Amino acid sequence: MQRRLSLASLTLAAFGAFGALGALGCLPVDAGGGDTAPVVTYTKDVQPILGVKCAPCHTGEGLGGHNIGNTYADALMPVSSLDAMGCWDSTLMVPMTVGACALISIMNGWMPMSMGCFNTPRPDPCVTLDQQAIIAAWVAEGMPQ
């Protein structure tokens, strides 16, 4: 059975990834069969995307204080860069995880930096909308390894 998630619900999941996801409609929909699609994981689904699209800055150079493109543990770290736009919980003044922030940065076209990823269609170096949906599902599912 295929997971049915709209881009709008995935967008909400990115900005409230650790909030009430069920209330936002971001959880997989069970159409009565009792089975849902396999869980999206870092190792199987997300790392192959980030390893290509975030290289070399976040696969070895450690820009922004992380290498999310090849290190799962880095996805779980709190954001350490104060200039990570939209990646701080304004009510609690605490940072999001690097994984949740990466999704926000991708969705807003900021990453990969200087590639014009806010344009439509997105240039080749950018994460595609299909790849973005995979990353959004991963964040909504709690970023499993």
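**Cysteines, core and pocket**

Student: Buried or exposed: which is cysteine 87?

Tutor: Cysteine 87 counts as buried, because its relative accessibility is 0%. Buried stands for under 20% relative accessible area, exposed for over 50% and partly exposed for what lies in between, using a 1.4 Å probe and protein chains only. Please keep in mind that this is a predicted model, where local features need pLDDT of at least 70 and side-chain atom pairs count only at pLDDT 80 or more, while totals for chains, interfaces and linings use all residues. Residues are numbered from 1 along each chain as its sequence is written, and side-chain values use heavy atoms, with hydrogens and water left out.

Student: What is cysteine 87 joined to?

Tutor: A disulfide, meaning a pair of cysteine sulfur atoms within 2.5 Å, links cysteine 87 with cysteine 101, and the S to S distance is 2.0 Å. The torsion about that S-S bond is about 85°, so the disulfide is right-handed. Cysteine 87 sits in the loop between α4 (72-76) and β1 (88-89), whereas cysteine 101 belongs to helix α5 (residues 98-107), so the bond ties together parts 14 residues apart in sequence. The elements are DSSP runs numbered from the N terminus, with helices being H or I of at least four residues and strands being E of at least two. Cysteine 101 is buried as well, at 7% relative accessibility.

Student: What does alanine 84 contact?

Tutor: Setting aside neighbours within four places in sequence, alanine 84 is in contact with Val79 and Cys101, where contact means heavy atoms within 4.5 Å. Alanine 84 is placed in the loop between α4 and β1, and its 14% relative accessibility makes it buried.

Student: How many disulfides are there altogether?

Tutor: The structure has two, and the other one joins cysteine 117 to cysteine 126, again with S to S at 2.0 Å. Its torsion is about -90°, so this disulfide is left-handed, and both cysteine 117 and cysteine 126 are buried.

Student: New topic: how many residues are in the largest nonpolar core?

Tutor: It has 28 residues, and Val46, Leu50, Ile135 and Trp138 make the most contacts inside it. Such a core is a set of buried Ala, Val, Leu, Ile, Met, Phe, Trp, Tyr and Cys residues joined through side-chain atoms within 4.5 Å. The elements giving two or more residues are α3 (42-53), α4, α5 and α6 (129-140), and α5 contributes the most, with eight.

Student: What does valine 46 touch?

Tutor: Not counting residues up to four places away in sequence, valine 46 touches Val40, Thr41, Ile134, Ile135 and Trp138.

Student: And which residues lie nearest the centre of the largest pocket?

Tutor: Those are His58, His66, Ser105, Met111 and Met113, out of 26 lining residues. A pocket here, on a 1 Å grid over the protein atoms alone, is an open set of points where a 1.4 Å probe fits, with protein on both sides within 12 Å along at least five of seven lines, and lining residues have an atom within 4 Å of a point. Helix α5 supplies the largest share of that lining, five residues.
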